[in-house]
Amino acid sequence: MKKIVTALLLFCCWQNCFTQSNRVDSMNKLIAAAVSDTARINLTNKRNAMLSSINIDSGILLNKKAIAEAQAMHYINGEANARLALGTNSCMKGAFDVASKNLATSLALFKSINDSTGLCAVYSGYGMMYGMQSKYDSSIKALEKAIGIAERNKFTQKLPTFYGNIAISHQMQSDFLTALSYQQKSLDLAKANNNQSGIAYTTLNMGLTYSNMDDTARAERFLKEAVELAKPQNLKNVELYAYSNLADLYSKKGAHEKAYQFAMKAALLGEQMGDQGIQAASLSKAAEMLAAMQRMQEAQTYAEKAIVVADSSGQTYNIYQAYAAMGTILKKQNKCKEALPYLEKSIAVLANTDIYNDPVGITYGTLSACYEATGNYSKALSTYKTSAAISDSVRSRDNIRKTTEQNMNYEFAKKQEAQLLQQENKDEVTRGRLVALLIGLGLTLALAFVAYRAYRIKQKGSARLMIQKEELQNTLTKLETTQSQLVQSEKMASLGELTAGIAHEIQNPLNFVNNFSEVSNELIEEMKVELSKGNNAEANAIADDVQQNLLKINHHGKRADGIVKGMLQHSRSSTGTKEPTNINNLADEYLRLAYHGLRAKDKSFNAVMKTDYDETLSTINIIPQDVGRVILNLLTNAFYAVNKKQQEVAATGNKDYQPTVWVTTINKGEKVEIRIRDNGNGIPEKFREKIFQPFFTTKPTGQGTGLGLSLSYDIITVGHHGVLKLNTKDGEGCEFIVILPK
């Protein structure tokens, strides 16, 4: 029976050491000699991480002490790192509520000090927590965030850990090729950094992936190599997981005694380290091997121990394994009534997980057999169907192959029938003169049979076509819904680009309003003084100044009101109604908003903006919020292009490059041209024919949906019957030209 092999989730930092105890002693000396409180807390957190790989309980106690010390001295970074460590260690103990609380607090603390390194580690911690709860989709999402931050900031020391952990979640979803791809990345980086502990962790997990792929030769080699790498570094957790999975490997081979011995080694190490999850899993495996060797009483004893430890661990899959092992052992002894509660419990704990593997399907099958043996036929049928559904899902590729073979056999059978009928017809013609009546009757029956078979085949074919049509219709409906959601998402992303720019633009008139209000208040106080003196002429002069200030307040208030209305107009769905619009003002407004939007993300970015607006242009009839979206998208792309080129040029030490964006409007009589040009890298020739296609983007993954230019093209060409075209040269930039009819 194929089992999902337990994988070792990596901590946020690998230990580069030969023996942990020696490094702990060295770190204690450094802590004692620390010249500042913050340095002492940082060193304490590093020492606690080392101790956690030897004994988790000790790590947890020291994490709590470090949190209290960091809080007392108001050291945010120290507290955040200590809470992160407490969260990961609590995961190993199955205390997921404690883990979740500390990870959330750590995330908030790192965000408050803009610590990207810390954010990486917290998202990695979330990935580990979700993975240990068998919530692999959530684990992958969290780890993708960690990887994105690390890759953007070139945190190469962190990436091996993140690659290794996301590989485990893909592995547990049976996506083994993706898992191996990430693990190879992790191994390459660990070797490049001479990170011996990292090499040990990744070697172990690659062994687990090969085991799940039923490549037993490679799996055994990698697992044993991981043990040899772990021993000189005193990496007990690597040894622990290697032994546990070697037990699984020998179990598959039917070497029950060897599997039992490795399972007991893992259980003993798990108990020593305080890792109750792997201890429970190993005890379950030992119990199963004893049952396979017909040592039933010992098997039940170990299964009972596994249940106690698994319940304490709080780790879903380990609880499932323990109860399933006990239920299976009792079923083998024909004690179906006693087996039922254990099997039901094993299935119940998986209710909120993503696990639908072969062992779970087999457990449902065992539960069905027990229901049948105890006379509960309705539940027996229900659980049997679930078992069959899981088995079908796991063996979908085999099912496809078998279906293909059946179709080929069916076609072969039809050809045989046709050949047989043809031969029979020849024989009938030969004997036709002798038995004319028999020929007529035989032909009639043969034709009726062929017609009946053709009719049945047509009926079955029509039924299959109807089912396929319904499935295709459902798929089309889902795709249309998804497309609509993506389009709205792109529009909201565009609104997000505006937000920072709007905040900058609206601040200017608000500053004027505040300043003139304060000055006017002071002038009124002066006017009161002059009136009390009877100096009416001076009071009238002050009143004139107050009146001028109020006019200025009104003017700048209207400016702020216009900016807010423009934002609201951009955010709501298009009404489809065209209205007279000053295209120069529209282009200038979105130029400033796009620039300040990028500046809000990257304070170091600066660019020259050059405008050439045709003053002969009057208003033209357009849908302003739609055309505004197009201009914003083109300008955002232009600033992105010059910013990217500036970073590349700066990396070479060249300081001559000046990022520049040009915006030009031209009156063409019956038409208006808007030209947006940049001096970035341009668009390679192989991509030029694809840039207006939906979902095509040249930006890195996670930085663009590929809908911006597609929507812009539709707005201009379909919504306004205009033209949107591109001029570009590699290395020299590109120019988008919008042509609109008046």
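Trainee: Which residue in S7 is the bridge partner of Lys729?

Mentor: The partner is Gly733. This is a predicted model, in which local features need pLDDT of at least 70, side-chain atom pairs count only at pLDDT 80 or more, and totals for chains, interfaces and linings use all residues. Residues are numbered from 1 along each chain as its sequence is written, and side-chain values use heavy atoms, leaving out hydrogens and water.

Trainee: How do you know that S6 and S7 pair?

Mentor: Strands are DSSP runs of E, at least two residues, numbered from the N terminus. Two strands pair if DSSP finds at least two bridges between them; seven join S6 (residues 723–729) to S7, so they pair, in the antiparallel sense. Three residues lie between them in a hairpin, and Gly731 in the turn has a positive phi of about 80 degrees.

Trainee: What else pairs with S7?

Mentor: Strand S5 (residues 671–678) does, antiparallel over eight bridges. There, Glu673 stands opposite Ile739.

Trainee: Why is S7 called largely enclosed?

Mentor: Buried means under 20% relative accessible area, exposed over 50%, partly exposed in between (1.4 Å probe, protein chains only). Eight of the nine residues of S7 (residues 733–741) are buried, so the rest of the structure largely encloses this strand.

Trainee: How do you know that the span of helix H15 agrees with what it should be?

Mentor: A helix is a DSSP run of H or I, at least four residues. Its expected span is 1.5 Å times one less than its number of residues. The 18 residues of H15 (residues 296–313) should therefore span 26 Å, and the end C-alpha atoms are 25 Å apart, which agrees. Gly314, with a positive phi near 75 degrees, follows H15.
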